[in-house]
Amino acid sequence: MARRWTTEEENQYRDELTQLYVVENKTIHEIGLILGVAESTVYDRLIRLGIPTSRDKKQHANNKRAPIALPNRSERLAEFFGIMLGDGHVSKYQTFVTLGTKEYPYVYYVQNLMRNLFGVEAKIFTRKSGYRDVYIGSKEITDWLRIEGFVENKVGEQVGVPAWIFTKEEYMRAFIRGFFDTDGSVYKLRFGIQISITNHSFPLLIALHLMLRTLGYNVSKISVEKIYITKRNDIARFFKEISPRNSKHLDRFDKFTKASVPEWSKGAGCKPAEFILRRFESFPAHQ
């Protein structure tokens, strides 16, 4: 049985939810992010306070937009799956990617990627912490992602990589790019630099290890939920061929190596992060 609220708590919750849910017309998901609580907690408070739920009055009723484009298998989709299995989440009605305070340019890259894949605008929500969620509300998309193997609790269910990713080297490179951009890091060692990829799902790490080995990289054994690339030639090749898009990685790589920007951005006349957005926005949709 839920704990009885004090009068002060009840008034606080009523004021918060009246403002956010009724006046500002925010969704339960958005309110949960603002208040830092679970969606179920927000819903329970609405019921206990007698505030009628009004899904039909929200901007996108039933979290379904038309038309939704469910994409075919492609490098772009493989990259998105890498992002989702890194920092992505699938709830009942929403697909979202949560990115840190130092990843602002990459937020827009992910937004463009989602828009081009699904044919609808992805929203950006900034939390009080400064973290940003890039999300689309659509049960049609979340149902499709579940068919593709996605789950709500990636670590608890020890999710793996869809088998089709392994069918082409281009898919594997794109998947690694998305995963590294969200769950990877590059840092300085005493002699040289090192790439690491971290995840708490062992099947995911096994799959990434196999992909990197298949693509010819010298990669360490899995150690404490991490895999490493340390050889100088492999790291240079990784940034050229895998071609990360998250500017925080590009900036650190450039800083540590004092090298020029990656090959794909030479001659662009702008910083890597700016080039990323300019290049991606020129892509046609739904490929």
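A residue is taken as exposed when its relative accessible area is over 50%, as buried when that value is under 20%, and as partly exposed in between. In the predicted model described here, K255 has a relative accessibility of 61% and therefore counts as exposed. K255 is placed in helix 10, which spans residues 247-257, and it belongs to a positive surface patch whose members are K102, K188, R252, K255 and K258.

In helix 1 (residues 7-23), R14 and E10 are 4 residues apart, about one turn of the helix, and their closest N and O atoms are separated by 3.1 Å in a salt bridge. Both side chains of this pair are partly exposed, with relative accessible areas of 31% for R14 and 32% for E10. A corresponding spacing occurs in helix 7 (residues 169-183), where E169 and R173 are likewise 4 residues apart and hence separated by about one helical turn; the salt bridge between E169 and R173 has its closest N and O atoms 3.6 Å apart. Here the relative accessible area is 40% for E169 and 23% for R173, so that each residue is assigned to the partly exposed class. In general terms, side chains that carry opposite charges can pair when their charged atoms come close.

Turning to the strands, strand 3 (residues 123-126) and strand 4 (residues 132-137) are paired in the antiparallel sense over 4 bridges. Within this pairing, F125 has D133 of strand 4 as its bridge partner. The hairpin made by strand 3 and strand 4 has 5 residues between the strands, and in this hairpin G130 adopts a positive phi near 95°.

Conventions
Residues numbered from 1 in each chain as written. Predicted model: local features only at pLDDT ≥ 70, side-chain atom pairs only at ≥ 80, totals over all residues. Heavy atoms only, no water. Patch = residues over 30% accessible without salt bridge, like charges linked within 9 Å, V, L, I, M, F, W, Y side chains within 5 Å. Areas by Shrake-Rupley, 256 points an atom, 1.4 Å probe, with all protein chains shown as cover. Salt bridge = Lys/Arg side-chain N within 4 Å of Asp/Glu carboxyl O. Lys, Arg positive; Asp, Glu negative; His and termini not counted. Charge placed at Lys NZ, Arg CZ, Asp CG, Glu CD. Helix = DSSP H or I, 4+ residues; strand = E, 2+ residues; numbered from the N terminus. Buried < 20%, exposed > 50% of the residue type's maximum accessible area, 1.4 Å probe, protein only. Pairing = 2+ DSSP bridges.
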